[in-house]
Amino acid sequence: MAPRAPGSFAPVVTLLMTARWDIFCKVVDNYGDVGVCWRLARQLATDHGLDVTLAIDDLQTLEWMAPGVDRARAEQTVSGVAIRRWTEATSIGAPADVVIEAFGCGLPEAYASAMAKCARPPVWFVLEYLSAEAWIDGAHGLPSPHPRLPIVRRFWFPGFTLSSGGLLRERGLIEARDAFQRDERLRETFWSSLAMPAPVPGESRISLFCYPNPALPALFDAWADGEDHVTCIVPEGVASGALDAWTGGDVPHAGHPVRHGRLELHAVPFLSQDDYDRLLWACDVNFVRGEDSFVRAQWAARPFAWHIYPQPEDAHRRKLDAFVDRYVEGLDDATGAAARRFFGAWNGVPAAGAINAAWLEWTAMRPHLARHGRQWIEHLLRLPELGLGLVKAARNAL
């Protein structure tokens, strides 16, 4: 490549726009891993016009959230992203110019070896899990030599500070959310698409997406016995054990809501990512899990509760505490304490007490939490945008 004139970035931009990007994803959390990778791949293709291939080992999960994906096809292109089924026998092809290894999933041995032999080694990012822990600021963006191959990886940490990689936020997200939340007709059309009536005055509409959770039956009891009319929307197959036990086998399914006291349970099919965003925007409260839905609930600017992925020996507690510490900044003492107890009770922290008591305390603070959600968004908007940060780092390296 010809030398670049000082201050001139045109050749670099041209090189970046013609560069190929490969993203490798192995599905562990069923939804969170593939959700993040699909959002990133689609954003790189749509917002940045890049040539992106997503190599993924579970097309069935991707099919649920990405309309147009066919699990039976090993190779296909959807939303401008080339999708390849990744198995041990798969030949992904020649290495791309930029490679993203999602969540430490590793790369195919032959592919990594070919990367090391390239005259210009690919830019290799290891996309890490999101964390609010302080230590990631010092690790974000650091290069690390591969233990066996003559090639360097760079670790990329999503996070909640200016020194982190920030969060995924595609172009136009906030504007689309605001337009939806302002327009009653859009919301009515959305509820109709789910075969559900629009909310009525005095109703609390709650989306529920969680891992198996021992606290759930007591939370159902609190909703059923409470003063408010609660409509809870659950994707089919989620919390099925708790629902079966709590309803005595009368599990909600499409077209068959289940009513107990003040609680009405509705099951909906798994939604595309775009429709899931609309569900979060339309509900009053959102229970989310893992990473992808956790971030999208924050962009929704509604009160939410996060069920973090459980790890042995409560290792996930550090991540939970680190996020809550950041999230409650700016809240008054009573609301902050209620939020901390509710996040803890929902995640089985013994010191947080019973979930039903924590719910009553937390829901009484919902007007404060709703205002805080908008203020929290202002903080998030000042952070780096994850996809753009990767593009800039790749541009500088290429």
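Predicted model: local features only at pLDDT ≥ 70, side-chain atom pairs only at ≥ 80, totals over all residues.

Visitor: What makes strand β5 count as mostly covered?

Guide: Buried is the label for residues under 20% relative accessible area. In β5, residues 98-102, five of the five residues are buried.

Visitor: Why are β1 and β6 called partners of β5?

Guide: Two strands pair if there are at least two bridges between them. Strand β1 (residues 20-25) has four bridges to β5, and strand β6 (residues 123-127) has five, so each of them pairs with β5. β1 runs parallel to β5, and β6 runs parallel to β5 too. For landmarks, look for Ile-23 with its bridge partner Ile-100 in β5, and for Glu-101 opposite Val-126 in β6.

Visitor: What makes β11 and β14 edge strands?

Guide: Take the open sheet of six strands, in the order β11-β12-β10-β9-β13-β14, with mixed pairing. β11 (258-260) and β14 (304-307) each have a single partner strand, so one side of each is left without a neighbour in the sheet. From one strand to the next, the twist averages 15°.

Visitor: How do you know that β9 and β13 pair?

Guide: The cut-off is at least two bridges. Strand β9 (residues 203-208) and strand β13 (residues 285-289) have three, in the parallel sense, so they qualify. Ile-206 has Val-285 in β13 as its bridge partner. Helix α10 (residues 273-282) packs on this sheet, touching β9, β10 (229-235) and β13, and its direction makes about 135° with that of β13.

Visitor: Why are α13 and α14 called roughly antiparallel?

Guide: The label needs an angle over 145 degrees. Helix α13 (residues 333-346) and helix α14 (residues 355-364) pack at about 150°, their axes 9 Å apart, and therefore count as roughly antiparallel.

Visitor: Which residues meet there, and what is the hand of the crossing?

Guide: From α13 the contacts include Ala-338, Phe-342 and Trp-346; from α14 they include Ile-355, Trp-359 and Trp-362. The crossing of α13 past α14 is left-handed.

Key: Residues numbered from 1 in each chain as written. Heavy atoms only, no water. Buried < 20%, exposed > 50% of the residue type's maximum accessible area, 1.4 Å probe, protein only. Helix = DSSP H or I, 4+ residues; strand = E, 2+ residues; numbered from the N terminus. Axes fitted to C-alpha atoms, helices over the stretch in contact; angles between N-to-C directions. Contact = heavy atoms within 4.5 Å. Parallel < 35°, antiparallel > 145°, perpendicular 65-115°, else oblique. Left-handed = near helix turned anticlockwise from the far one by under 90°.
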